[in-house]
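Hi everyone, thanks for making time for this.

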2 protein chains.
Amino acid sequence: MDLPSNIKIDHYLTAAECGPQQEITLSTFTQRVIDAATAHANILGVGYNRLMEHNSAWVLSRLSIDMKRFPSVAENYSFTTWVESVNRHFSERNMKICDESGAPIGYVRTIWVAIDITTRRPADLTPFIGNLKADTIECPIEKTPRLRPIVDKSFNIEHTFRYSDTDFNRHVNTTRYIESILNRWNIEFFDKYRISRFDINYIAEARCDEKVDISYFDVDDNIVDVEITREDTCCTRARITFAER
Amino acid sequence: MDLPSNIKIDHYLTAAECGPQQEITLSTFTQRVIDAATAHANILGVGYNRLMEHNSAWVLSRLSIDMKRFPSVAENYSFTTWVESVNRHFSERNMKICDESGAPIGYVRTIWVAIDITTRRPADLTPFIGNLKADTIECPIEKTPRLRPIVDKSFNIEHTFRYSDTDFNRHVNTTRYIESILNRWNIEFFDKYRISRFDINYIAEARCDEKVDISYFDVDDNIVDVEITREDTCCTRARITFAER
């Protein structure tokens, strides 16, 4: 069978999926990114069930979202996703987000690894490489940087993740790190500023009922670096690039 | 044109939509309920755009979820939804949730009102009644009770809703009340107990950065009543019925 090296998923943005700015929230957008990756992996025969045969599961390691604008309420939009490269350690998967007319409004880069669900250590992707044929669609945004420890704390929030923040793997859900990071700011701030780019490195998993520090370093007027740490372990590093609306 | 008095929506449950018990979370399930209502309303010509012409929007007022079991990871399931009744004040919409074989695994009852988005007061549904033709599919679960103030506090949590909890209407998202209520318990509790029924009355909207009390009264071994209040205003009342797994 000929496996499709890319798929296009059509979406309609409901009011229920929007935040106060009448756009898709970054968290729901990230969920759509994961959904698109999941859908294509299933079609390619490297979905949840296949990886479980190897006691493995996909884990999102890096993510960059770079948008001219985010979809707005009652708008049709689409995700096109493809694998850019794969090796035994990780797979690079990109996405193009288009408006109703088919014009790109932004791009996404992701890096996925597989972990052994018992040991939580990286698993070898070799059994799946044959299914992950690369496509050559252009993705004109920079690769996700490896983010460094923040050099200074401009702001700090103590936070405890709870039951409703936890996922299938009994750790904090990918999207909840993003939400907790954005909670430094209020509705009025996001009325003035939009996120033009968001980079995140998922490093170690945080757990339910565990206290973490969310630390912010304001790099310049537009860029904020963020780190979520529990005791001496860094769970996540992120970089937010803001633009005035 | 003949408008369908019910629609069936097929779903596949991805790992990303599951909580630690490998089932759909109550919050994501509630989102699917809202999605199904939205999809059918759009088909019937009484969706977001049509109500906005009247400066109105649908608001969920009451919700009951009564499940023999919730869908599990990698399972196909479906939502069938129909309007049971409509009058100028509110619309009763029900849902049947079926497994892959078409056997019901649970039911949902919802009550929707329209509000004027400027005054936030109830709007008249008369212009839309013609589109909301009732169906007679059986919904063999009790109607959502009007929940009374809790009589005593067994437990209390102080909580502040933040930016990421807010929705399109700039108030706290429907699903976030549910998540904050469930956060009294931890992963191990939900390993032992499942929610067999969940009732909620949405009364007044909570806002971003507003401190609320989440108060619990343990009615008996299986039933817990909950109230979310800010100062003297009750925002939400809920009743959770647990069953041992």
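Let me begin with a question: at what angle do helix α1 (residues 26-43) of chain B and α3(B) pack, and how far apart are their axes? The angle is about 160°, and the axes are 9 Å apart.

Before I go further, a word on the ground rules. This is a predicted model, where local features need pLDDT of at least 70 and side-chain atom pairs count only at pLDDT 80 or more, while totals for chains, interfaces and linings use all residues. Residues are numbered from 1 along each chain as its sequence is written, chains are lettered from A and ligands numbered from 1 in the order in which they are written, and side-chain values use heavy atoms, with hydrogens and water left out.

Back to the helices. Two packed helices are described by the angle between their axes and the distance between the axes. Here, axes are lines fitted to C-alpha atoms, for helices over the stretch in contact, and angles run from 0 to 180 degrees between N-to-C directions. The helices themselves are DSSP runs (H or I, at least four residues), strands are runs of E of at least two, and both are numbered from the N terminus.

So α1(B) is roughly antiparallel to α3(B). On that scale, angles under 35 degrees count as roughly parallel, over 145 as roughly antiparallel, 65 to 115 as roughly perpendicular and the rest as oblique. On the α1(B) side, the contact involves B:Leu26, B:Ser27, B:Thr30, B:Gln31 and B:Ile34. Facing them from α3(B) are B:Thr174, B:Thr175, B:Ile178, B:Glu179 and B:Leu182. Contact here means heavy atoms within 4.5 Å.

And chain A? There, α1(A) and helix α3 (residues 174-182) pack at about 160°, with 9 Å between their axes. These two helices are therefore roughly antiparallel to each other, and α1(A) passes α3(A) in a right-handed crossing.

Now for the rings. How many aromatic pairs does the structure hold over all chains? The count is 32. Rings of Phe, Tyr and Trp (its six-membered ring) pair if their centres lie within 6.5 Å; planes under 30 degrees apart are stacked, over 60 edge-to-face, and the rest tilted. One of the pairs is A:Phe29 with A:Phe70, edge-to-face at 5.3 Å centre to centre and 90° between the planes. This pair links distant parts of the chain, 41 residues apart: A:Phe29 is in helix α1 of chain A, and A:Phe70 is in the loop between β2 (56-67) and β3 (76-86). A:Phe29 is buried at 0% relative accessible area, and A:Phe70 is buried too, at 9%. For that scale, buried is under 20% relative accessible area, exposed over 50%, and partly exposed in between (1.4 Å probe, protein chains only).

There is also a cluster joined by ring pairs: A:Phe155, A:Trp185, A:Phe189, A:Phe190, A:Tyr193, A:Tyr216, A:Phe242 and B:Tyr163. A:Tyr216 has something else to show: the charged end of A:Arg184 sits over its ring, 4.9 Å from the centre. The criterion is NZ of Lys or CZ of Arg within 6 Å of the ring centre and within 35 degrees of the ring normal. In chain B, B:Arg184 lies over the face of B:Tyr216, also at 4.9 Å from the ring centre.

Next, a few single residues. B:His11 is in strand β1 (residues 6-12) of chain B and counts as buried at 19% relative accessibility. Beyond neighbours within four places in sequence, B:His11 contacts B:Arg32, B:Glu75, B:Asn76, B:Tyr77 and B:Phe79.

Last, the backbone. Most residues other than glycine have a negative phi. A:Gln22, though, has a positive phi near 65°; this residue lies in the loop between β1 (6-12) and α1 of chain A and is partly exposed at 29%. B:Asp209 has a positive phi of about 70°, sits in the loop between β7 (193-202) and β8 (211-218) of chain B, and is partly exposed at 41%.

That's my tour, and I'm happy to take questions!

Terms used:
A crossing is left-handed if the near helix is turned anticlockwise from the far one by less than a right angle, and right-handed if clockwise.
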